[in-house]
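Okay, thanks for coming, everyone. I'll go through one model today, so let me put it up on the screen.

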Amino acid sequence: MNILGIETSCDETAAAVVSDGVFVRSNVVATSLKDHQRFGGIIPEIASRRQIEFIDEVVLKSLLSAKAELRDIDAVAVTRHPGLIGSLLVGLCFARALSRSLDKPLIEIDHIKAHLYSNFIQLTKESTACPFERLPAVGLVVSGGHSSLYYVKDFKSFKLLGSTRDDAAGEAFDKVARILDLGYPGGPVIDRLSRQGNNDRIKFPKAILPGSYDFSFSGLKTAVLYYTQKHKNKPDFSSAQVAYAFQESVVSSLIEKSLDACRKMKVKTLLIGGGVAANSALRSQLPLKARSQGVDVFFPPMALCMDNAAMVAGLGFHWHR
Ligand code: KG4
Ligand code: ZN
């Protein structure tokens, strides 16, 4: 069964054809990121206008590179929420019109759950995907808009255990990058810079929030701001060390909460998703800590950490069934 997925929740315009929920036949992504960079964050009005410009070509390219025609598509899956309303509307209207005109079912998908589904997708013949039999699992979605922990029983049953009380993890990376004048998006640049500052000279606080699976990163962000304002003109100030200390604090609270959830929910599988799943410190530290607790961690391939439509088509297959 071939599902055409469409994703337009933020600044990416994406379309993909996925067979049987797993095999990626095409995965096309266009982005308006460059248009937003000088503003230091996504401008919703610009994002939605670019979505309108890109959508036809992206969907067409996804069909061409899958060597498929519209009549080969069994259903259309599209991101319904959450996201920027103007951007979401472009994909939703396009997908609804397409499904009506083809007389094929339309499946509307939750973007956050789709991020977790990225772990089950076989992007290339060589890549290893999480087997379906590994469910139930705990799922951690960390992106620019969300930091949420789920108990995933099956593909229709996601129970929210906790989420951020203020900034999302990716948002904290973006804001700290702005404080340090590193540009947007902050995650990749802080990730790179941290490797030059990896010592424990600076320690930033970590929000514990006992008895809860919620996260909080705004106190940490404020600590980085005050530290930077106080020290930035001193000769030994190092933005690499600030970046490292900040990243360590975020990563250790993500690890602590998600492994705690695995223990309490008695599961041995931890799924990670969202843009922050690309973070190298998280990718190296989490599996080691998890193994000591008997938990296996799955990260999506890098290309599926960021917003994409393969994850939407993949989850769409299960909802369609
Ligand atoms: O999932 P995504 O593409 O979009 C949303 O749904 O929000 O995530 C984008 C977020 C940005 O905040 C970006 O700074 C962050 O993911 N990010 C990273 C890394 N790469 C992207 N954060 C930490 N380390 C990275 N390597
Ligand atoms: Zn996302």
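His111 sits in helix α4 (residues 111-117) and Asp307 in the loop between β10 (296-298) and α10 (310-320), so the pair ties together parts 196 residues apart in sequence. Helices (H or I, at least four residues) and strands (E, at least two) are DSSP runs, numbered from the N terminus.

Before I go on, the housekeeping: this is a predicted model, where local features need pLDDT of at least 70 and side-chain atom pairs count only at pLDDT 80 or more, while totals for chains, interfaces and linings use all residues. Residues are numbered from 1 along each chain as its sequence is written, chains are lettered from A and ligands numbered from 1 in the order written, and side-chain values use heavy atoms, leaving out hydrogens and water.

Back to the site. His111 and Asp307 are both buried, meaning under 20% relative accessible area, with over 50% being exposed and partly exposed in between (1.4 Å probe, protein chains only).

**Ser9**

Which residues does Ser9 touch, leaving aside its neighbours within four places in sequence? Among them are His111 and Asp307, along with Thr79, Pro82 and Leu88; contact means heavy atoms within 4.5 Å. Ser9 is in the loop between β1 (2-7) and β2 (12-19), and it counts as buried because its relative accessibility is 3%. Its side chain makes a polar contact with that of Glu7 at 2.6 Å and another with that of His111 at 3.4 Å. A polar contact is a pair of N or O atoms within 3.5 Å; within protein, one must be able to donate a hydrogen and the other to accept it, and residues adjacent in sequence count only if both atoms are side-chain atoms.

**Ser216**

Last stop: Ser216, in the loop between α6 (186-194) and α7 (218-231). Ser216 and Ser163 are 53 residues apart in sequence and 8.6 Å apart in space, C-alpha to C-alpha. The Ser216 side chain also has a polar contact of 2.7 Å with the side chain of Asp166.
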